[in-house]
Amino acid sequence: MSLFHSAACQSIQVNGELMDFLKPKVMGILNLTPDSFFDGGQHEGVSAALKHAQKLLNEGADILDLGAYSSRPGAKEISEQEELDRMLPVIEALKKEYPDAILSIDTFRAKVARESIQAGAHIINDISGGTLDPEMFQTVADLQVPYILMHMRGTPSTMTKLTDYDDVVNDVAVHLGNAVAQLRALGVKDIILDPGYGFAKTVAQNYELLMRVDELHYFGLPILGGISRKSMLYKKLNLKPQDVLPGTIALNTLLLERGVQILRVHDVKEAKQLIDIFY
């Protein structure tokens, strides 16, 4: 029996099979970029990506989240083609090497999402929640794959200046609710909510959103929490991202306690142990 808050068990269809959330899932981060805030450049290229994917899967990752465009504040902008050139060869190699692995594509571009799904990926993880590409929602509807709807304002280069909220939790909920309505109207069935920790929020707002994330269960949809090694930890502790794994585990505990069903992490083994203790 779980010791944590029990949210209603939702499920999604992934690659023709049901994924339920009776037990929370772990999404392992696979950055294919040279400039991500924590592990930029470490997994760039097909062979390095495959090696890290093997580690994440061996440690128990339920989903691999592939990102070919860094979304850290002030990140360099790259073209659609460069993003695809980084992404597609890795998807193809993973499909060959690990055919049963569930692949999520971290992109805000509809073309990248479409071509990645056609190459064999299963889930679209859009940090912009459809705000940076007007074609994204229709693309998700056409593809009929699960869609992770995240809250963000502006772009990675402007978001740090867009942190004025009346009530950060209510404002995020209203924004997500409007987007869910648009997606439902287009026939999108499987939606996962992500409150967007670190995106257009101050450190204090991130913690407010963490402590009240259970309010988002109002929508009856699975919730993803992504706080792994983020600035809400290392800025508060005056440390580097490499030094805040204990803090990451602490905050993931709070997310699980509030019924969050997916933890997006760099450190899969630790997240799996945390879940296994309580579920």
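**Chat about sheet strands and salt bridges**

User: How accessible is Glu 208, in relative terms?
Analyst: Glu 208 has 35% relative accessibility and counts as partly exposed. Buried is under 20% relative accessible area, exposed over 50%, partly exposed in between (1.4 Å probe, protein chains only).

User: What is this based on?
Analyst: This is a predicted model; local features need pLDDT of at least 70, side-chain atom pairs count only at pLDDT 80 or more, and totals for chains, interfaces and linings use all residues. Residues are numbered from 1 along each chain as its sequence is written, and side-chain values use heavy atoms, without hydrogens or water.

User: Where does Glu 208 lie?
Analyst: Glu 208 is in helix α6, residues 203-211. Helices (H or I, at least four residues) and strands (E, at least two) are DSSP runs, numbered from the N terminus.

User: And what does Glu 208 touch, not counting residues up to four places away in sequence?
Analyst: Val 168 and Val 169, where contact means heavy atoms within 4.5 Å. Glu 208 and Val 168 are 40 residues apart in sequence, while their C-alpha atoms are 7.6 Å apart in space.

User: How many salt bridges does the structure hold?
Analyst: The structure has 13.

User: Which residue does Asp 106 form a salt bridge with?
Analyst: Arg 264, with 3.3 Å between the closest N and O atoms. Asp 106 sits in strand β5 and Arg 264 in strand β10, so the pair ties together parts 158 residues apart in sequence.

User: Asp 106 first: buried or exposed?
Analyst: Buried, at 10% relative accessibility. Arg 264 also counts as buried, at 15%.

User: Which residue does Lys 272 form a salt bridge with?
Analyst: Lys 272 bridges to Asp 62, the closest N and O atoms being 3.8 Å apart. That pair links distant parts of the chain: Lys 272 belongs to helix α9, Asp 62 to the loop between α1 (46-58) and β4, and they are 210 residues apart. Asp 62 is partly exposed, at 23% relative accessibility.

User: And Glu 59, which side chain does it meet in a salt bridge?
Analyst: That of Lys 55, at 3.0 Å, N to O. Glu 59 is partly exposed with a relative accessible area of 21%, and Lys 55 is partly exposed at 42%.

User: Change of topic, the sheet. What is the strand order?
Analyst: The open sheet has eight strands in the order β8-β7-β6-β5-β4-β3-β10-β9, with parallel pairing. Strands pair if DSSP finds at least two bridges between them. β8 and β9 (224-225) are at the edges with a single partner strand each, so one side of each has no neighbour in the sheet.

User: Which strands does helix α2 touch?
Analyst: Helix α2 (residues 80-97) packs on the sheet and touches β3 (25-31), β4 (63-67) and β5 (103-106). Helix α9 (residues 268-278) also packs on the sheet, touching β3 and β10 (262-265).

User: Which way do the side chains of strand β7 point?
Analyst: In β7 (residues 147-150), Tyr 147 and Leu 149 point one way, Ile 148 and Met 150 the other, and all are buried. In a regular strand, side chains alternate between the two faces of the sheet.

User: How many bridges pair β6 with β7?
Analyst: Three, and β6 (residues 123-126) runs parallel to β7. Asp 126 has Leu 149 of β7 as its bridge partner. Between β6 and β7 the chain passes through helix α4 (residues 136-143), and this β-α-β crossover is right-handed; that is, with the strands pointing away from the viewer, the path from the first strand over the helix to the second runs clockwise.

User: And how many bridges pair β7 with β8?
Analyst: Four, with β7 and β8 (residues 191-194) again parallel. Ile 148 is bridged to Ile 192 of β8, and Leu 149 stands opposite Leu 193 there. With helix α5 (residues 168-185), β7 and β8 make a right-handed β-α-β unit.

User: Last one, Ser 128: buried or exposed?
Analyst: Buried, at 0% relative accessibility. Ser 128 is in the loop between β6 and α4. Leaving aside neighbours within four places in sequence, Ser 128 contacts Phe 108, Met 150 and Met 152.

How values were computed
Axes are lines fitted to C-alpha atoms, for helices over the stretch in contact, and angles run from 0 to 180 degrees between N-to-C directions. A salt bridge is a side-chain nitrogen of Lys or Arg within 4 Å of a carboxyl oxygen of Asp or Glu.
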